[in-house]
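Biologist: Could we go through this model together? I would like to begin with the charges and then turn to individual residues.

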Amino acid sequence: MEMNDFKSSDPIAWCSRCGNFGILTSLKGALVKLGKQPKDILLVSGIGQAAKMPHYVKANCFNGLHGRALPAAFGAKTANKDLTVVVTTGDGDCYGEGGNHLIHNIRRNPDITVIVCDNQIYALTKGQASPTTDEGIVTKVQTEGVILEHLSPLSLALAVGAGFVARGFSQETDHLADLILSGINYKGFALIDVLQPCVTFNKKNTYEWYSQRVYKLDASYKSTDLSIAFQKSLEWGDRIPIGILYNVSKPTYEQKAGP
Amino acid sequence: MANEISIRITGEAGQGTQTIGDALSQVFKSAGYHLFAYQDFMSRIRGGNNFFEIRVSIKPVHSPRHKPDIIICLDKSSVDIQKKDLAIDGILVVDKTKFGMAGLEESMYDVAFNEIALRVANDTLYSNSIACGLIAGIVGLDFTFVTQGIQEVFSHKSKEIIQNNVNSARAGFELGLANPHKEMFLLPTVGKDRLAAVPGVILLDGSTAIALGAIKAGCKFYTAYPMSPSTNIMNIVAGRAAVEHIVVEQAEDEIAAVNMAIGASFAGSRAMTSTSGGGFCLMVEGLSLAAMTETPLVMVDAQRPGPATGFPTRTEQADLDFVISAGHGEFARVVYSPGSAQQAYFITIKAFNIAEKYQIPVLILTDQHLQDSITDIPALDQGTAAIERFIISKEESANITSYKRYALTDSGISPRAIPSWIQDVMYVDSDEHDESGHITEDAAMRKQMVQKRLHKKLHGLLNELEQPTSFNIDDAQVILLGFGSTLGILQEAAQALEKRKVGFVHLSQVWPFPSDEMLKLLSNARMIISIENNAQGQLARLLRRETGIKVSKSILKYDGRPFDVDSVIEIIKPEL
Ligand SMILES: Cc1ncc(C[n+]2csc(CCOP(=O)(O)OP(=O)(O)O)c2C)c(N)n1
Ligand code: SF4
Ligand SMILES: [Mg+2]
């Protein structure tokens with residue numbers, strides 16, 4: 001498999017320099033390394049800028065409703081186990097509109113990989129606060145600045161029992177491709193939150209802002225300790241860890257549901 | 001001696017009215033009688049007042065009567081609540097000692113259930129079987145049928161428990177034989193032919209009918225969020241899931257349920273979800289997703305009275321307007337409204353076929369009354385009929401290297417492939433899309449896609465209509481009209497008034513509306529009376545909107561209770 005095997009003919013509708021381009025490159029890179037045929041891969045998404053990603057990859061695509069990628073992905077994976085199922089979703093799609101499905105699909109633990117393109121903003125609807133928008137950010141709706149506490153999605157996932165929890169940065173494409181491949185190879189629900197600059201609507205969390213803060217978890221990091229993972233997941237501000245925070249094996253839905 | 005009898009068993013929730021009802025239903029079935037049983041219960045697990053009513057007859061029966069002939073009270077408060085419902089000359093069975101009653105009214109008949117149960121089986125729990133035997137004695141059944149019925153209902157219990165139940169029933173039976181009203185409640189004996197046919201008879205309720213229909217149709221993915229009165233369908237499918245290799249998943253909410261079903265259907269399984277009105281509200285965006293993505297989907301709305309939480313355990317037919325128009329945008333759908341458990345079974349199978357053939361959402365609209373009512377019917381065909389999938393077969397798929405999910409065709413139906421079966425990939429989108437499934441904003445393509453999803457599919461669907469049922473309509477003075485669970489009422493009222501030229505028309509499909517058929521059946525009607533469990537006469541309005549035909553009168557009931565045939569006949573009579 002080569003990058004070209006996953007090339008889609010659909011013209012891309014993102015702004016130039018959008019963080020999603022890096023994620024798209026990493027996703028394709030991971031799929032190349034995975035070595036499966038496009039026909040055996042299913043990309044599922046909801047609605048948002050990130051949710052357009054399946055159109056830009058040559059693989060099966062189910063682009064469903066805003067917030068509802070996870071239930072559709074669960075249904076598809078359960079009905080057709082031959083498919084490698086990857087969800088591409090946004091912070092609004094996955095943590096806002098679809099928050100309930102995130103909680104319960106972590107509990108179900110189907111063998112799917114969820115890539116959240118987290119630009120900390122609702123981009124497609126032109127810049128309202130999302131659950132991960134930093135406090136104080138001013139938008140057309142949050143005119144005095146966001147007053148709700150910023151959600152820590154990785155802590156949420158760990159608290160609910162996710163077995164694979166990671167964070168990537170869209171500029172670190174090789175690192176991210178490795179994370180995605182690990183997520184796909186992980187047997188169960190793998191959550192990868194990806195820091196994704198939105199050059200149009202998020203003027204705070206820019207490439208520079210992230211670059212100054214992110215650091216990679218190195219070989220000394222023990223990714224099997226829940227309390228360490230939990231601490232790491234809460235690290236936000238001056239330093240932001242990227243890499244696999246938590247990776248333990250758990251019985252999947254398929255295993256639990258029996259033959 | 002009457003040809004039929006209605007028996008009501010009433011008590012608090014948790015006292016076992018349903019257990020006695022189920023056992024009695026089995027007993028009467030074994031004895032060759034026809035029956036119709038329905039339930040009236042409150043939305044609580046303990047306390048309150050529930051009843052189970054069985055109407056038993058030598059002829060087929062399909063609806064409740066106005067007043068039961070025998071009421072068995074399991075607790076003191078039932079006596080006061082139910083007394084007023086008793087038929088003239090009926091009897092109200094009470095346990096005077098247990099209820100601490102000072103005296104008995106004329107209609108009351110004292111049976112010391114508790115005391116007998118303790119004496120015979122050392123546990124008051126066995127009162128239920130005493131009641132069962134009592135009824136059998138009062139109506140003059142042979143005790144062997146009681147034994148058979150009890151063995152069937154308690155088949156999963158230990159030998160000792162079964163024997164205790166039989167002994168208790170025997171004690172009740174002896175009392176029943178000796179009852180002071182003996183002659184009045186004796187049922188005519190059943191003919192030999194009918195008795196010989198008993199092994200081929202089953203008891204079926206609406207929930208079981210839909211569950212069995214889904215299983216028969218090859219449903220392999222079932223997801224729902226519990227909501228009365230739809231929950232039993234999920235329970236029954238779940239009970240057979242392991243044997244039938246069905247994934248049954250309780251979703252976190254109805255939004256998840258419908259989207260899971262759509263995902264599973266897209267990926268190759270026959271999929272279904274069920275709910276009641278409130279949950280259906282949450283599923284509506286999913287309904288329109290199924291339409292837009294052209295993914296087959298079968299949904300059940302088992303209606304209960306709304307708005308909002310409404311009456312959780314009661315019945316209504318007020319979601320008609322809602323389900324035929326639910327979902328934003330315009331698209332083809334089918335809405336079935338079966339009138340009996342038997343119809344519900346066959347319609348469920350058809351729903352899967354139509355959903356896959358046209359790649360559309362198909363709805364089955366039922367209600368609490370249909371879900372929870374039991375009738376005797378000839379055993380369903382349990383053969384292994386081939387299921388027609390209307391998809392590109394696995395063999396054929398292996399050679400497909402270039403595929404467009406939404407290829408434009410004359411019928412509006414694009415050949416449907418399953419992802420991973422074909423060699424190419426496919427794109428499916430909830431946004432407006434082109435033939436290959438990619439997002440488009442092209443005006444001409446938009447028009448073609450709307451025509452595909454709406455006009456072309458509707459055109460085909462008109463050839464697949466579930467035909468209305470009609471009776472005695474030529475030269476009718478009055479034609480009764482209804483849909484869904486009122487079929488039994490229409491049948492029995494029209495039969496009772498057949499000589500006075502009353503007929504009926506019943507719709508088991510309300511969308512696409514069978515306009516041509518209705519024009520044929522109703523254009524020359526002298527008088528049409530719609531009978532509906534809602535407050536606006538929604539079917540009558542729909543008929544007028546679609547055909548211009550006006551009904552003369554609507555008999556509407558929206559108190560959460562089903563119609564009874566006697567009251568309906570009384571309302572119709574003055575019109576004749
Ligand atoms: C039911 C519903 N509500 C609202 C919308 C409008 N909507 C589309 S995308 C979106 C937010 C997307 O945010 P996010 O998931 O973060 O994606 P981004 O565009 O930032 O990548 C909203 C509110 C919709 N499509 N459907
Ligand atoms: S608005 Fe933001 S998220 Fe959307 S394409 Fe442009 S940069 Fe990317
Ligand atoms: Mg976003």
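Modeller: For charges, Lys and Arg count as positive and Asp and Glu as negative, while His and the chain ends are not counted. The place of a charge is taken as NZ of Lys, CZ of Arg, CG of Asp or CD of Glu. This is a predicted model, in which local features need pLDDT of at least 70 and side-chain atom pairs count only at pLDDT 80 or more, whereas totals for chains, interfaces and linings use all residues. Residues are numbered from 1 along each chain as its sequence is written, chains are lettered from A and ligands numbered from 1 in the order in which they are written, and side-chain values use heavy atoms, with hydrogens and water left out.

Biologist: How many positive and negative side chains does chain A have?

Modeller: Chain A has 26 positive and 24 negative side chains, and 4 Å separates the centres of the two sets.

Biologist: And chain B?

Modeller: In chain B there are 53 positive and 67 negative side chains, with the two centres 3 Å apart.

Biologist: What is the secondary structure of chain A?

Modeller: Chain A has 9 helices and 8 strands. These are DSSP runs numbered from the N terminus: helices are H or I with at least four residues, strands are E with at least two.

Biologist: How compact is chain A?

Modeller: Its radius of gyration is 17 Å, close to the 18 Å from the globule rule for 259 residues, so chain A is as compact as a globular protein of that length. The radius is taken over C-alpha atoms, and the rule is 2.2 Å times the number of residues to the power 0.38. Along the principal axes, the C-alpha atoms of chain A fill a box of roughly 55 × 45 × 35 Å.

Biologist: What percentage of chain A is buried?

Modeller: Buried residues account for 62% of the 259 residues in chain A. Buried means under 20% relative accessible area, exposed over 50%, and partly exposed in between (1.4 Å probe, protein chains only).

Biologist: Which residues of α6 in chain B are buried?

Modeller: In helix α6(B), residues 143-153, the buried residues are Phe143(B), Phe145(B), Val146(B), Gly149(B), Ile150(B) and Val153(B). They lie on the same side of α6(B), because they cover an arc of only 150° around the axis. That arc is the one formed by the directions from the helix axis to the C-beta atoms.

Biologist: What covers them?

Modeller: The cover includes α1 (17-30), α5 (127-139), α7 (159-177) and α9 (192-197) of chain B.

Biologist: New topic: is Glu254(B) buried or exposed?

Modeller: Glu254(B) counts as buried, at 6% relative accessibility. Glu254(B) is in helix α12 (residues 254-266) of chain B. Leaving out residues up to four places away in sequence, Glu254(B) touches Tyr225(B), Met227(B), Thr275(B), Gly279(B), Leu282(B) and Met283(B), where contact means heavy atoms within 4.5 Å.

Biologist: Where are the cis peptide bonds at Pro307(B) and Pro512(B)?

Modeller: One joins Gly306(B) and Pro307(B), with omega about -5°, and Pro307(B) is in the loop between β11 (297-303) and α14 (320-325) of chain B. Another joins Trp511(B) and Pro512(B), with omega about -10°; Pro512(B) is in the loop between β19 (509-511) and α20 (515-522) of chain B.

Biologist: What about phi of Asn109(A)?

Modeller: Phi of Asn109(A) is near 60°, a positive value in a residue other than glycine. Asn109(A) lies in the loop between α4 (99-108) and β4 (112-118) of chain A, and is buried, with a relative accessible area of 3%.

Biologist: And His245(B): buried or exposed?

Modeller: His245(B) counts as exposed, at 58% relative accessibility. His245(B) has a positive phi of about 55° although it is not a glycine, and is found in the loop between α11 (231-244) and β9 (247-250) of chain B.
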